[in-house]
Structures are given as structure tokens and as C-alpha cells.
Amino acid sequence: MLALLAAGVAFAVVVLAQDKPLPGSHFVCSAIPPEALFAGCPLPATPMQGVSLSPEEELRAAVLQLRETVVMQKETLGAQREAIRELTSKLARCEGLMAGKAESSKDTMGDLPRDPSRVVEQLSRSLQVLKDRLESLELQLRTNASNTGLPSDFREVLQRRLGELERQLLRKVAELEDEKSLLHNETSAHQQKTENTLNALLQRVTELERGNSAFKSPDAFKVSLPFRTNYLYGKIKKTLPELYSFTICLWLRSSASPGIGTPFSYAVPGQANEIVLIEWGNNPIELLINDKVAQLPLFVSDGKWHHICITWTTRDGLWEAFQDGEKLGTGENLAPWHPIKSGGVLILGQEQDTVGGRFDATQAFVGELSQFNIWDRVLRPQEISNIANCSLNMAGNIIPWVDNNVDVFGGASKWPVETCEERLLDL
């Protein structure tokens with residue numbers, strides 16, 4: 001329609017161009033051929049006949065066809081709108097030119113003025129022709145649009161497919177909601193399980209803090225000191241009262257050479273060697289009390305479990321040494337009449353140069369320790385033998401061997417210990 005309007009305006013301009021323009025005004029008006037009127041308004045392509053398509057493919061093809069038609073018509077309308085604006089501007093200028101010629105009494109080019117009535121009449125005819133052609137174009141466009149419209153049955157198929165797609169979308173949304181709810185329930189169950197596990201662990205830690213052992217029984221553990229360093233050691237939490245006699249028994253296993261080191265040491269302020277058991281270098285095992293020394297006839301560096309007991313009394317400084325239930329040595333005058341001082345620090349695996357510290361790596365014990373007990377009396381030989389052969393399990397009344405009374409440091413560790421019978425088989 002717009003193209004026909006443009007053609008009519010161009011025709012009017014050609015008619016008016018026969019007169020001479022005013023000075024300073026120059027227009028170039030070109031006629032548009034009729035076959036060019038339909039070049040800018042392509043018709044949408046119709047679907048191929050005889051080809052069987054699925055409903056989804058027909059829907060997709062229809063949507064693409066409609067989209068292309070809309071885009072092409074939009075482009076055509078834009079181009080025709082621009083052409084109308086340009087032609088309208090030129091038409092206005094041509095009408096102004098015609099009015100100037102009617103008023104002028106003399107043409108600058110020497111031509112006689114045209115009759116205004118003839119110009120108006122000719123312009124009216126041209127506009128009528130243009131109007132007829134525009135009406136014809138509108139009719140043709142309506143015919144093409146009706147020919148390319150969607151059939152009613154296809155429209156029903158399209159609506160049915162859209163409804164089905166909508167139902168599928170709703171089902172998918174419902175499934176997602178169900179999955180979300182299920183995931184929430186699983187997350188809640190997992191969270192509850194995690195909380196139960198944490199509560200169990202917390203309860204276990206609380207039990208350990210209250211003194212419950214992590215082993216089968218509170219004394220069924222050993223302290224492992226695998227390296228000769230000055231930072232691996234165990235510490236007895238309890239301290240000693242003032243003692244006038246004692247018995248110290250323990251199980252140990254070591255294959256260190258030369259010397260097993262220091263299985264235990266007790267230091268008090270003013271005396272770092274209050275009680276010490278040590279095998280240093282190629283020297284025999286020594287017992288130190290108040291820095292006084294007695295050599296013991298014990299041999300335990302064969303890598304096997306051995307039960308060791310030492311007794312001492314301040315009266316005459318009498319001492320005894322037992323290995324695996326047998327008394328191997330005795331002596332006297334070891335710090336006689338000296339009471340063991342209280343309030344010191346008892347260390348497993350290191351010799352103390354100051355109270356609780358200043359360890360020397362060359363004097364460190366290498367091996368395993370267990371069943372370290374201290375009594376405030378001298379045990380009878382039969383009691384010591386019964387403890388060594390596993391017929392008597394008697395904890396120390398001053399220092400008992402229990403898990404919550406022993407701390408380990410520097411890489412030392414606690415492990416379940418072999419049973420007494422298993423240790424006996426290792427002898």
C-alpha cells in the first residue's frame with residue numbers, strides 16, 4: 001500500500017516537472033515501475049505439500065514461519081514509512097513550487113505560466129489512480145494473508161500441543177517439588193545422624209575426662225617411646241608423699257644399645273636425682289636415691305618383656321632388685337635414713353636435670369613401659385613373684401598404673417598392652 005502511494009506521488013512530481021522550476025530549486029523525480037511495487041513486500045512461504053510432519057515439527061515450522069513473516073513485514077513497514085516521509089516532503093515542495101508559478105507573472109526561463117485549473121485537474125486524476133492502485137494492493141494483501149493463515153484443524157492441533165506441553169511442565173514442577181522435599185528429608189536425616197555421632201563422641205570425651213579408660217581395663221595399656229630424643233616422655237600426674245620405704249615395679253621391653261636409658265626418674269626441688277633408674281652407655285643399670293648410686297645386677301636389653309621390681313627402705317639404706325620374679329641382688333647403705341621428699345615430678349623415659357625438664361637425649365629410654373606401680377612399703381618376695389607370674393594383680397597404693405594418671409608428650413603414645421600371660425611367653 002505504501003509503495004503505491006509512493007508511486008502516485010512520484011507520478012505527480014513527473015507531471016509537475018514539465019514546468020520550469022524556480023531559481024535555486026532543483027528536483028530529480030524518477031518513475032517507479034509497477035513490477036517494483038511488490039518487490040518490497042514478499043509473501044510468506046507456504047508449507048510444502050505432500051510432506052508428512054509430526055505435530056511437534058508442524059508446530060515448530062508454523063512458529064518459525066510466523067516469526068519470519070512478522071520480521072519481514074516489520075522491515076517492509078519501516079522502509080515504506082521512510083519512503084512516505086521522503087515523498088511527502090517532496091510533494092509539499094512541489095505544491096509550493098506550483099503555487100509560486102501561479103502567482104508569478106513572468107517566468108525567469110521565458111516560459112508562459114501553466115493554467116492552475118489544468119494542474120489541479122491532472123493532479124486529482126493522478127491521486128485517484130493512486131487510490132485505486134492502493135485499494136487493489138490492500139485487497140491482494142488480504143487475499144495473501146487469508147491464503148497463508150493457519151487452518152482451523154491445525155490451530156486445534158497447536159492448542160492441543162500447547163496444552164500438553166503446559167501439563168508436562170506442571171508435572172515436571174511437581175516432580176521437582178517432590179525431589180526437593182525428599183532431599184530436605186534426607187538432609188535432615190543425615191544431619192540427625194551426624195548430630196548423634198557427635199553427641200556420642202562428646203559423651204566419650206566426657207567419659208575420658210572423668211577418668212574412664214579407653215582400653216579394656218584402666219591398666220591395660222603401655223607407653224611407647226620409640227626414639228632416643230629429649231622430648232618423648234610420659235608424666236605421672238600424681239606426686240609422691242614423703243616416703244621412708246617403697247617398692248617400685250614395672251614391665252619394660254627394650255633392645256636399645258648401648259644402654260636402655262632411663263625408665264623413670266623422680267626429681268624434687270633441690271635434688272634432681274631423688275629416685276632414678278638408669279642404664280647409660282656401657283654401664284650397668286643403676287639405682288640413684290638422693291644422688292647416691294647402687295649398681296643393680298639386671299639385664300633387660302634383649303628386646304623381650306621383663307618384670308622389674310626394686311625395694312628400698314631408709315633404715316640402713318637396704319635395697320633389693322628383682323627380675324621376672326627372682327631376686328638377683330641386694331645391698332645396703334644406699335642413702336640411709338634419708339626420707340624421700342614429697343611434691344616432686346615423676347617422669348617416664350627421661351632423666352631430669354631440673355624438676356620436670358632439662359632432658360638429655362643420650363639418657364632417654366627407648367622401648368615400651370607398662371604396669372608402673374609404687375607402694376609405700378617393701379613388698380614380700382612372694383608377692384613380687386606372684387605379680388611377675390601373673391597370679392596376682394595388685395595396683396600400687398601410692399602410684400597405681402591407670403590410664404587417666406599418665407600423660408604422654410612429644411610423640412610418645414599409649415597402646416593396648418599384651419596380656420600378662422602373653423608377656424610371660426615373651427620371656
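Are cysteine 249 and cysteine 309 buried or exposed? That was my opening entry, and I looked it up in a predicted model. Cysteine 249 turns out to be buried, and cysteine 309 is buried as well.

**Entry: the first pair**

I went on to see what these two cysteines do with their sulfurs. A disulfide links cysteine 249 with cysteine 309, at an S to S distance of 1.9 Å. I read 115° about the S-S bond, and that link is right-handed.

How many disulfides does a search of the whole structure find? I got two. Besides the pair above, cysteine 390 and cysteine 420 form a disulfide, with their sulfur atoms 1.7 Å apart. Here I noted -90° about the S-S bond, and the link is left-handed. Cysteine 390 is in the loop between helix 5 (381–388) and strand 13 (406–409), while cysteine 420 belongs to helix 6 (residues 420–425), so this pair ties together parts 30 residues apart in sequence. I checked burial again, and both cysteine 390 and cysteine 420 are buried. With the bonded cysteines of the chain numbered in sequence order, I wrote the pairing down as 1-2, 3-4.

Next I turned to the second largest pocket, whose volume is about 490 Å³. I found 24 residues lining this pocket, and those closest to its centre are Asp219, Gln371, Asn393, Cys420 and Arg423. Cys420 was already in my notes as the disulfide partner of cysteine 390. Which elements give two or more residues to the lining of the second largest pocket? They are strand 12 (367–375) and helix 6. I sorted the lining by type and got 13 nonpolar, six polar and five charged residues.

**Entry: enclosed space**

Last, I looked for cavities. Searching the whole structure for cavities of 30 Å³ or more gave me one. The largest cavity holds about 40 Å³ of space. Its lining is made up of Leu252, Ile260, Pro263, Leu277, Ile278, Ile285, Leu298, Val300 and Ile308. By type, I counted nine nonpolar residues there, no polar ones and no charged ones.

Note on methods: Residues numbered from 1 in each chain as written. Predicted model: local features only at pLDDT ≥ 70, side-chain atom pairs only at ≥ 80, totals over all residues. Heavy atoms only, no water. 1 Å grid on protein atoms, 1.4 Å probe; cavity = no way out; pocket = protein on both sides within 12 Å on 5 of 7 lines; lining within 4 Å. Points joined across faces, edges and corners; volume = space filled by probe spheres on them. Nonpolar A, V, L, I, M, F, W, Y, C, P; charged D, E, K, R; others polar. Disulfide = S-S within 2.5 Å. Buried < 20%, exposed > 50% of the residue type's maximum accessible area, 1.4 Å probe, protein only. Helix = DSSP H or I, 4+ residues; strand = E, 2+ residues; numbered from the N terminus.
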